[in-house]
Amino acid sequence: MSFSYNNIEIEIDFNRSESEAHLEADLKTVVDYGIDRLIRERYIPWLKNEQFSDKEDERIFEGLKMTGILYSYGRIIAKYSPTGADDFFGQFEFDFESCSEYTADMLEAAAMQVYVKDGEIVRVSGFDI
């Protein structure tokens with residue numbers, strides 16, 4: 001079983017059999033919402049933070065190059081859960097690097113995490129790689 005987005009193969013990070021069973025449905029949820037929309041509405045604000053608040057969102061979007069996608073499905077305990085409760089979630093990690101001078105000072109490599117539960121996106125966050 002193999003899935004990709006924008007010619008990037010989605011790699012399963014762990015819990016292979018459970019992840020394979022949920023990947024297609026969770027990917028549909030994220031694609032139907034719109035990955036570009038998630039990047040623009042939920043990831044770029046995190047990336048800009050206060051330090052880069054004067055930068056233009058569209059130029060940031062154009063300066064991001066997606067380099068990898070990881071997926072896993074599994075239980076997350078309440079302390080680390082995107083909802084604050086023990087439960088099972090699909091988790092995508094979309095990895096990016098800067099591909100323009102405009103974003104070069106913002107990131108070398110960073111990731112957007114998208115958590116999916118029962119056909120809904122329950123959280124989007126970012127972190128530096």
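Predicted model: local features only at pLDDT ≥ 70, side-chain atom pairs only at ≥ 80, totals over all residues.
Ser98 belongs to strand S4. When residues up to four places away in sequence are set aside, Ser98 touches Gly63, Thr103, Ala104, Leu107 and Glu108.

Strand S4 pairs with strand S5 in the antiparallel sense, over 8 bridges. Within this pairing, Gly90 has Val116 of S5 as its bridge partner. S5, which spans residues 109-117, is mostly covered, with 8 of its 9 residues buried. S5 is in turn joined to strand S6 (residues 120-128) by 8 bridges, and these two strands also run antiparallel. Here the bridge partner of Val114 is Val124 in S6. The two strands S5 and S6 form a hairpin with 2 residues between them, and Asp118 in the turn has a positive phi of about 50 degrees.

The count of aromatic pairs comes to 5. Tyr43 and Trp46 form a stacked pair, because their ring centres are 5.5 Å apart and their planes meet at 20 degrees, an angle under the limit of 30 degrees for stacking. Both residues lie in helix H2 (residues 35-48), 3 residues apart, or about one turn of the helix. Tyr43 is buried, with a relative accessible area of 0%, whereas Trp46 is partly exposed, at a relative accessible area of 31%.

A further aromatic pair is formed by Tyr71 and Phe92; this one is tilted, with 4.6 Å from centre to centre and 45 degrees between the planes. Tyr71 is located in strand S3 (residues 64-76) and Phe92 in S4 (residues 87-98), so the pair ties together parts that are 21 residues apart in sequence. Both Tyr71 and Phe92 are buried.

Ring pairs also link Phe96 with Tyr43 and Trp46 in a cluster. With neighbours within four places in sequence left aside, the contacts of Phe96 include Tyr43 and Ile39.

Two arginine residues are placed over aromatic rings. The charged end of Arg37 sits over the ring of Tyr33, at 3.9 Å from its centre. Arg40 lies over the face of Phe61, with a distance of 3.7 Å to the ring centre.

In soluble globular proteins, nonpolar side chains tend to be buried together. In the present model, the largest nonpolar core has 33 residues. Those with the most contacts inside this core are Ile39, Met66, Phe92, Phe94, Phe96, Met112 and Val114. Two or more residues are given to the core by each of strand S2 (8-12), helix H1 (16-33), H2, helix H3 (57-62), S3, S4, S5 and S6. H2 provides the largest share, with 6 residues.

Notes:
Residues numbered from 1 in each chain as written. Heavy atoms only, no water. Phe/Tyr/Trp six-rings, centres within 6.5 Å; stacked < 30°, edge-to-face > 60°. Helix = DSSP H or I, 4+ residues; strand = E, 2+ residues; numbered from the N terminus. Buried < 20%, exposed > 50% of the residue type's maximum accessible area, 1.4 Å probe, protein only. Lys NZ or Arg CZ within 6 Å of the ring centre and 35° of its normal. Contact = heavy atoms within 4.5 Å. Pairing = 2+ DSSP bridges. Core = buried A, V, L, I, M, F, W, Y, C linked by side-chain atoms within 4.5 Å.
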